[in-house]
Amino acid sequence: WLFGARTAPGHVPLAWRNVIYDKKRLARSAAGISFAVLLMLIQLGFRNAFFDSSLALLDSINGDLMIVSATKYRLGVTDTFPRRRLYQSLGVDGIEQASPLHAEWTRSIWKNPQTRESFAVQVVAFHPDQPVLGIPDIVQQVDALKRADTVLMDRRGRGFLGRGEAGVETELAGRRVTIAGTFALGPDFVSDGTVVTSERTFFNLFPDRLGSGLRGTEVEIGVL
């Protein structure tokens, strides 16, 4: 009987017989299908890792809205807007706080504290009184960033960036800095690791980003 009808007693299971007739061929087919499934799972893993690592920093931002330049298309490329836009946003009903988030990728050269080798890292900065990153390790150590030329190092960064031991001095963008502690974030497909510091230290490292004064500074991301 066909199409779902019950088969009479003594029927011959042709489909099953066809499957097990040649056991070597069955093993080869099963291995091929399993390998294809494995490749798809690996591709999905790479895909998820790409998105998770790329969005980890953005996901940690503690805010309801963000302001970015109209031409900014991804994190990892400097594209700022005038800080006065943040002050203008405070005039909008419902906006309680507007905080700047600064970032640098190209000139932020980090020296491994142990080997003294130099590598590019991602530097992120904010005002310690307005901590816009919700990473627990950063929130707990934010007061340490109030001291000039202190930084927090990503302990999940690439191993060649060195170990971030509290109190150790190294160089960032050609300026001596002190590691105040570490936090957990991890690398992405653009940056090998992240260094977090205060707005004050950021302007010491990159004085050209200060502009003509605090109101004239350029902001990477505005957090509302």
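This report describes the strands, cores, salt bridges and one surface patch of a predicted model.

## Basis of the model

The structure is a predicted model, in which local features need pLDDT of at least 70 and side-chain atom pairs count only at pLDDT 80 or more, while totals for chains, interfaces and linings use all residues. Residues are numbered from 1 along each chain as its sequence is written, and side-chain values use heavy atoms, with hydrogens and water left out.

Helices (H or I, at least four residues) and strands (E, at least two) are DSSP runs, numbered from the N terminus. In strand β10, which covers residues 194-198, five of the five residues are buried, so the strand is largely enclosed by the rest of the structure; here buried means under 20% relative accessible area, exposed means over 50%, and partly exposed lies in between (1.4 Å probe, protein chains only). Both faces of β10 are covered, with T194, V196 and S198 buried on one side and V195 and T197 buried on the other. Two strands count as paired if DSSP finds at least two bridges between them. By this rule β10 pairs with β6 in the parallel sense over five bridges, and Q122 stands opposite T194 of β10. Strand β7 (residues 150-154) pairs with β10 in the antiparallel sense over three bridges, and L152 has V196 in β10 as its bridge partner.

Strand β3, made of residues 99-104, is also mostly covered, since six of its six residues are buried. From β3, S99, L101 and A103 point one way, whereas P100, H102 and E104 point the other way, and all are buried. β3 pairs with β12 in the antiparallel sense over three bridges, with L101 opposite I221 in β12. Three bridges also join β3 to β6, and these two strands run antiparallel, with H102 opposite A125 in β6.

## Nonpolar cores

In soluble globular proteins, nonpolar side chains tend to be buried together. A nonpolar core is taken here as a set of buried Ala, Val, Leu, Ile, Met, Phe, Trp, Tyr and Cys residues joined through side-chain atoms within 4.5 Å. The largest nonpolar core holds 19 residues, of which L101, F126, L133, I138, L152, F183 and V196 touch the most other members. The elements that give two or more residues to this core are β6 (122-126), β9 (175-183) and β12 (221-223). Apart from this core lies another one, of 15 residues, which includes V121, V123, A125 and F203.

What does L101 touch, not counting residues up to four places away in sequence? With contact meaning heavy atoms within 4.5 Å, L101 touches I61, V124, A125, F126, V132, V219, E220 and I221.

## Salt bridges

Side chains of opposite charge can pair when their charged atoms come close. A salt bridge is counted when a side-chain nitrogen of Lys or Arg lies within 4 Å of a carboxyl oxygen of Asp or Glu, and the structure holds 14 of them. One of these joins K72 and E220, whose closest N and O atoms are 2.6 Å apart. K72 lies in the loop between β1 (66-67) and β2 (81-82), and E220 lies in the loop between β11 (218-219) and β12, so the pair ties together parts that are 148 residues apart in sequence. Both K72 and E220 are buried, and they belong to a network of salt bridges that links K72, E104, R107, D208, R209 and E220.

The side chains of E199 and R83 meet in another salt bridge, at 2.6 Å from N to O. This pair links distant parts of the chain, with E199 in helix α5 (residues 199-205) and R83 in the loop between β2 and α3 (84-89), 116 residues apart. E199 counts as buried at 5% relative accessibility, and R83 counts as buried at 7%. R158 forms a salt bridge with D192, with the closest N and O atoms 3.5 Å apart. Here R158 counts as partly exposed at 37% relative accessibility, and D192 counts as partly exposed at 26%.

## A nonpolar surface patch

I33, V37, M40, L41 and L44 make a nonpolar surface patch of about 490 Å². Patches are made of residues with over 30% relative accessible area and no salt bridge, where like charges are joined within 9 Å and nonpolar side chains (Val, Leu, Ile, Met, Phe, Trp, Tyr) within 5 Å. Accessible areas come from the Shrake-Rupley method with a 1.4 Å probe, and for residues only the protein chains shown count as cover. M40 lies in helix α2 (residues 23-59) and is partly exposed, with a relative accessible area of 47%.
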